[in-house]
Amino acid sequence: MKRFAAVILPGVFATALPATTLVVAALVVAAPGASERAVAGPPDEAIAAVQMLREGGCGGIVPAARRLDHSVLLDHAAAEWSSGKKLAAAIESSGYRPEAASGVHLTGPPSSAVEMLRRSDCAALTNRGMRDIGVYHRGRDTWIVLAAPDVVPSRTEAPVLAARALDLVNEARARGARCGSRWYAPAPPVRLSGTLDQVALGHASDMAVHDYFEHEDLAGHSPADRVRAVGYREKLVGENIAYGVKSAEDAVRGWLDSPGHCENIMDPRFAEMGIAYAQGRAVRHGLYWVQVLAAPRA
């Protein structure tokens, strides 16, 4: 789920076989990722079958794909799925945070795994985006889960992403933009402000910890209040926020595609900008982004 919101204040803020049965399920989810590797042991026939089909492109009918890493967490997810849980819920309860996942349920002898899997959705089994695999067996049934861990930028990447966001904002300002029904002429570039970066990080972190998505924080402070609280003397403050995007490109593109956010970015009165992100720690685990724009007093 991706969300965007914008505000501006004057000294204020603008925002799917009888003896043999096959069941295939798939999902795409967004949440922070982790994959715990399984300890080496006897080769599992189902996993070996998947690896063979991936490396051989399902007999040459689709492009070959890399081998998958065996994940203990996905073993747990496969076991939970076998108990009757929905695949998404099973993966969530395992502690694995996926960007995308798919599952295959086989009924039949292990020796027929390759044949059964080949008759399933080879495109899903050989999806190049998948990185990990887990399996659970009970009698003649086997549950296989494939997934790709959700990878979010680390805090050490923040300066690079901030610089990239600044470039994208200034590129838009330099060429002019249509924000909804209003055309904005080219505007002077804005510069990064370390002070505004910290204001943006404070609000992004607060939303991430307390699981909300608003311009006004839980203490009732507006963006302008937060800017003034750090001693920044402003004439005008604007704020854009976003949730669920993973890159500066997606954040800025999303804002430019939304009239209110676009107006903030294109406002020629703004001269400085701060931008930051924080990973959700409560119900939502995606990234919260905050962009603060300001016109400082002379």
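Two strands are taken to pair if DSSP finds at least two bridges between them, where strands (E, at least two residues) and helices (H or I, at least four) are DSSP runs numbered from the N terminus. The model is a predicted one, in which local features need pLDDT of at least 70 and side-chain atom pairs count only at pLDDT 80 or more, while totals for chains, interfaces and linings use all residues. Residues are numbered from 1 along each chain as its sequence is written, and side-chain values use heavy atoms, with hydrogens and water left out.

Strand 6 (residues 132-138) is joined to strand 7 (residues 141-149) by 7 bridges, and the two run antiparallel. Within this pairing, Gly134 has Val145 of strand 7 as its bridge partner. The two strands form a hairpin with 2 residues between them, and Gly139 in the turn has a positive phi of about 60°. Strand 6 also pairs with strand 4 (residues 69-70), this time in parallel and through 2 bridges; here His70 is partnered by Ile133.

Next comes the interior. Buried here means under 20% relative accessible area, exposed means over 50%, and partly exposed lies in between (1.4 Å probe, protein chains only). Contact is defined as heavy atoms within 4.5 Å, and Val252, leaving aside its neighbours within four places in sequence, is in contact with Ala165, Leu168 and Val169.

Gln291, in strand 13 (residues 287-296), counts as buried because its relative accessibility is 0%. Not counting residues up to four places away in sequence, Gln291 touches a set of residues that includes Val169, Trp255, Met273 and Ile275.

The whole structure holds 1 disulfide (a pair of cysteine sulfur atoms within 2.5 Å). Cys179 and Cys262 form this link, with their sulfur atoms 2.0 Å apart. The pair connects distant parts of the chain, Cys179 being in strand 8 (residues 177-179) and Cys262 in helix 11 (residues 259-266), 83 residues apart. The link is left-handed, with -60° about the S-S bond. Cys179 is buried at 2% relative accessibility, and Cys262 is buried at 0%.

Turning to charged pairs, 13 salt bridges are found (a side-chain nitrogen of Lys or Arg within 4 Å of a carboxyl oxygen of Asp or Glu). One of them joins Glu249 to Arg164, the closest N and O atoms being 2.8 Å apart. This pair links helix 10 to helix 7 across 85 residues. Glu249 is partly exposed at 28%, as is Arg164 at 31%. Arg228 forms a salt bridge with Asp225 (3.6 Å, N to O) and another with Glu234, where the closest N and O atoms are 2.9 Å apart. Asp225 and Arg228 both lie in helix 9 (residues 223-229), 3 residues apart, about one turn of the helix. Arg228 is partly exposed at 40% relative accessible area, whereas Glu234 is buried at 5%.
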